[in-house]
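Subject: Structure handover

Hello,

Here is the structure for your files.

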Amino acid sequence: MTKKISYREAMREAMHEALKNDPRVFLMGEDVGCYGGTYAFSKGFLDEFGPERIRDTPLSELGFVGAGIGAALGGLRPIVEVMTVNFSLLALDQIVNSAALYRHMSGGQFSVPLVIRMCTGAGRQLAAQHSHSLEGWYAHIPGIKVLAPATIEDARGMLAPALADPDPVVIFEHGGLFNVEGEMGDSWEVDITSAKVRRAGKDVAIITHGGSLPKALAAAEQLAAAGIEAEVLDLRVLRPLDTATIVASVAKCRRAVVVDEGWKSGSLAAEVMARIMENAFYELDAPVARVCSAEVPIPYAKHLEDAALPQPDKIVAAVKGLFA
Amino acid sequence: MTVDHRAPPPPSGPVPWDKDFALRLLADMLRIRRLEEKSAELYGAGKIRGFLHLYIGEEAVAVGALHALSSADNVVATYREHGHALVRGMAMGAIMAEMYGKQEGCARGRGGSMHLFDAKTRLYGGNAIVGGGLPLAVGLGLAAKMQGEDRLTTCFFGDGAVAEGAFHETLNLAALWKLPVLFCCENNLYGMGTAIERAESQTDLCVKAASYDMPALRVDGMDVVAVHETTKQAVARMRKDGGPVFVEYQTYRFRAHSMFDAEIYRQKAEVEAWKTRGPIHTFTARLKAEGKLTEDEFLELDAVANTEVDVAVAFAEAGSWEPVEDLLKDVHTP
């Protein structure tokens, strides 16, 4: 049986299940309790689970993310919600200098089984300070796992394996996906290790993640009308990258376009391209192309914001450029 | 605000402890002192590399404070933590081997001097980001409270950390959520080379802590008796009432900040004056005056400490390097 459900509802169900099944799990962050979650992901949780486990925090990202790390060290399984990736910069020290390092630096004595969730991305006219796509920064850091659920299934399924992981897992939820609806079956078991083909094709591999996935799929439809069958690969896991699946898609299609809402310079797209160069150079019939955000603070005005971000028509143009 | 950099008057009054306990604390201060003197020597010999921050002069704080805790309590420390690790019960050999970078070290040689870890004695580092341990301590306190454990978390940090946002966020959270965290501020008057009055608009650190609505105590950190008694009082209060307590230990670092510090920011006379207030010799003198210690007993304690250092050095020397094949071990996301 399947049911229609939104990304928001899927994420809420996933957290609800985790809180119900494991007394060590608790949710902490700004406005997760009385307010019901900035994006209503935790609506009703406070009444059901109480203020100990649905813990509203002060505006204190460094403090409460660090407290989540300490609580994980102390035997709990915290879900720390940071309102947006933009504010996570205030907590970067604790994530990079403590959470990511503790297992290795302690000689394997301590692990930090912590999940940090945050909203990422642009596209909602929130202007430059609320529109960053910095998941590539996090994906640079050994010691943490970085996930980007882009589908209903992943929004529902990724949290459980993330909580079961002995290491810190950072989950990036693109703000543009929250109202997306889709069918969900009875099972939502997913892994947090692999990339996944979302649309099979043979002529070009479009490699993307997060909020750019629907754009890539829309571009693939347009391309199909023009006789180009695009394969759309959803990275899902940004660290560690599933190089084998990337290479398989590229080897099959012989052309590749990487779509990443991050800025081009030093981007995750650059890393994906480098891996293709390292592992699939001789499979290619054309240079790898990419579609990234324009290298500018994301503007407020809609026409400028649209122009700054990857869009289906830009992806179509990049693909067609490979066949010119 | 101006701050008096002069050494306080020497501690006086009777030592309210039996001989055994008094000698145990004296022995621990000597163990730290001899370990660190040897470490400095080995640094000069190239056996220990990287950063090495010595605690010499401040021993009374770790010794007095940590002897007020139980083995179930958590400890979070800074990069000047050899003494804390030792008093907590880590083997001196594991500390020395760690500084050598050998895999027999407490963190397999991956952390070095600044990152001593020990799950067994609940020592959660060894944190080399100033203020970095504070949020972790609050989280450990939260975990203990939520799991109904009778467990305090003691967090050591210096006066320099008080300028960090982490200090303020952490004290606020701990007081707001009534967490069992003992904030142990080792105020040695300098954040590296910056005197406290050049870093803080309000130099009374207890005023800052009290503003977060928690008890704030100040104690002479050169006096192991005062340190221990005050910490004991704080711990008793926390076990009874549950919430956090802040203690400022006024102390002084006799050596340079690290091995790279030419100490051009403070007067030699100031350092020398504080050395006359050294925690080991003033405590020794008091015990002798009270008839609780003879010179022979002191020499015996010192000899035992030196032997322990020799054994630790031999252990480190005999240690082995972690195989390069294990480089990525314990990183689960290569």
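Two strands pair if DSSP finds at least two bridges between them; helices (H or I, at least four residues) and strands (E, at least two) are DSSP runs, numbered from the N terminus. This is a predicted model, in which local features need pLDDT of at least 70 and side-chain atom pairs count only at pLDDT 80 or more, while totals for chains, interfaces and linings use all residues. Residues are numbered from 1 along each chain as its sequence is written, with chains lettered from A and ligands numbered from 1 in the order in which they are written.

The sheet: in chain A, five strands form an open, mixed sheet with the order E9-E11-E10-E13-E14. Its edges are E9 (196-199) and E14 (289-293) of chain A, each with a single partner strand, so one side of each has no neighbour in the sheet. E9(A) and E11 (230-234) of chain A run antiparallel, joined by three bridges; A:Arg199 has A:Val232 as its bridge partner in E11(A). Helix H10 (213-225) of chain A packs on the sheet, and its direction makes about 170° with that of E11(A).

The domains: an automatic or database domain assignment divides chain A into domain 1 (3-184) and domain 2 (196-322). Contacts (C-beta atoms, placed from the backbone, within 7 Å) involve 23 residues of domain 1 of chain A and 21 residues of domain 2 of chain A.

Regards

Notes:
Two residues are in contact if their C-beta atoms, placed from the backbone, lie within 7 Å. Axes are lines fitted to C-alpha atoms, for helices over the stretch in contact, and angles run from 0 to 180 degrees between N-to-C directions.
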